[in-house]
Amino acid sequence: MNADGLIVVDKPAGMTSHDVVARIRRLARTRRVGHGGTLDPMATGVLIVGVGRATRLLTYVIGAEKSYTATIRLGQTTVTDDAEGEVTAATSATGVTDEAVHAALAALTGEIDQVPSAVSAIKIDGQRAYKRVRDGETVALAARRVTVSRLVVLAIRRDTPDLVDVDIDVTCSSGTYIRAIARDAGGALGVGGHLTALRRTAVGGFALTEAATLPELEERAPGVVSLPLAAAAERFFPRRDASPDETRTLSHGGPLAPAGIAGPYAVFDPAGGLVAIVSEREGRARAEIVLAPA
């Protein structure tokens with residue numbers, strides 16, 4: 001039995017997002033599985049996994065706002081901007097005041113132009129940036145406009161000589177690198193910085209409180225889907241209910257009259273089944289993806 005829907009997974013440290021997808025494929029007994037936004041192996045927390053037709057919703061999940069808790073270590077720079085990379089420079093952070101930490105992070109809040117970490121999955125001439133770095137190349141990526149809508153300092157700790165650890169809570173747009181925040185804060189303070197811990201606490205409206213661990217999913221297999229397709233869409237999108245005639249038109253790719261709903265939004269048939277994800281343009285409501293069973 002293969003169900004279509006989403007799974008909110010609490011990804012453990014030491015696994016890639018692809019490793020998690022491979023595990024879910026085995027548990028759900030289907031190859032049609034994907035994830036909505038990569039987490040580095042070091043990172044833990046919310047990873048949205050789609051099964052069956054719900055994999056088509058993942059493009060929207062990837063673009064959703066995300067929240068994290070993280071720890072920045074000031075006083076060391078690494079090649080990867082996180083604890084998995086070799087330390088490339090060390091400068092005592094003893095003289096960095098709490099006020100200076102707050103100011104450096106405040107400057108990285110709001111709409112900012114952020115240069116992604118060189119060790120990232122961004123492609124340069126068809127090859128991942130991290131592969132080029134590992135091959136010994138020097139990689140320079142262009143800055144990207146991102147939004148850090150919330151950045152709260154939870155604690156500033158001075159437990160290790162010459163180092164300062166800063167715990168933060170961040171909410172940001174898709175495409176924001178928390179590693180780059182650590183790097184840039186350390187650079188602004190003149191001592192270098194990198195990330196030592198990262199936990200994703202939410203993706204869109206999906207939070208860590210509803211996430212399942214892999215051992216928990218093992219026990220539920222093959223019924224691993226926690227949010228069936230229609231329920232997942234209702235959580236993520238505004239809702240429009242269609243009549244039987246509208247359902248037939250939309251399921252065959254035809255347009256509907258506009259409803260004045262800011263899109264994209266989900267359209268449901270009279271029985272509550274998900275028909276399509278729709279946006280309104282040029283005076284018509286047109287399907288971006290049709291999800292009604294063939």
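## About the model

The structure is a predicted model, in which local features need pLDDT of at least 70, side-chain atom pairs count only at pLDDT 80 or more, and totals for chains, interfaces and linings use all residues. Residues are numbered from 1 along each chain as its sequence is written, and side-chain values use heavy atoms, with hydrogens and water left out.

UniProt lists Asp40 under "active site", in an unreviewed entry. UniProt positions follow the numbering used here, feature names are shortened, and annotations may be inferred rather than shown by experiment. Asp40 is found in the loop between S2 and S3. Helices (H or I, at least four residues) and strands (E, at least two) are DSSP runs, numbered from the N terminus. Asp40 counts as partly exposed, because its relative accessibility is 26%. The cut-offs are these: buried is under 20% relative accessible area, exposed is over 50%, and partly exposed is in between (1.4 Å probe, protein chains only).

Which residues does Asp40 contact, leaving aside its neighbours within four places in sequence? They are Lys11, Met15, Asp82 and Arg179. Contact means heavy atoms within 4.5 Å. With Arg179, Asp40 also forms a salt bridge, and the closest N and O atoms are 3.2 Å apart. This pair links distant parts of the chain: Arg179 sits in helix H5, 139 residues from Asp40. Arg179 counts as buried, at 7% relative accessibility.

How many salt bridges does a search of the whole structure find? It finds 19. A salt bridge needs a side-chain nitrogen of Lys or Arg within 4 Å of a carboxyl oxygen of Asp or Glu. One of them joins Arg26 to Glu218, with the closest N and O atoms 2.8 Å apart. Arg26 lies in helix H1 (residues 17-28) and Glu218 in helix H6 (residues 214-220), so the pair ties together parts that are 192 residues apart in sequence. Glu218 is partly exposed, with a relative accessible area of 31%. Arg23, Arg26 and Glu218 are linked in a network of salt bridges.

Another salt bridge joins Asp245 and Arg248, whose closest N and O atoms are 2.1 Å apart. Both residues lie in helix H8 (residues 244-251). They are three residues apart, about one turn of the helix. Asp245 counts as exposed at 52% relative accessibility. Arg248 counts as partly exposed at 48%.

## Thr78, a buried residue

Thr78 is found in strand S5 (residues 76-78). Why does Thr78 count as buried? Its relative accessibility is 3%. The side chain of Thr78 reaches the backbone oxygen of Asp82 at 2.8 Å. Leaving aside neighbours within four places in sequence, Thr78 is in contact with Gly85, Glu86, Val87, Thr88 and His194.

## Helix H3

Helix H3 covers residues 98-106, and among its residues Val101, Ala104 and Leu105 are buried. Seen down the axis of H3, the buried residues fall within an arc of 95°, so they line one face of the helix. The arc is that of the directions from the helix axis to the C-beta atoms.

What covers these buried residues of H3? The cover includes strand S4 (66-74), strand S10 (144-157) and strand S11 (164-172). It also includes helix H5 (178-189).

Key. A polar contact is a pair of N or O atoms within 3.5 Å; within protein, one must be able to donate a hydrogen and the other to accept it, and residues adjacent in sequence count only if both atoms are side-chain atoms.
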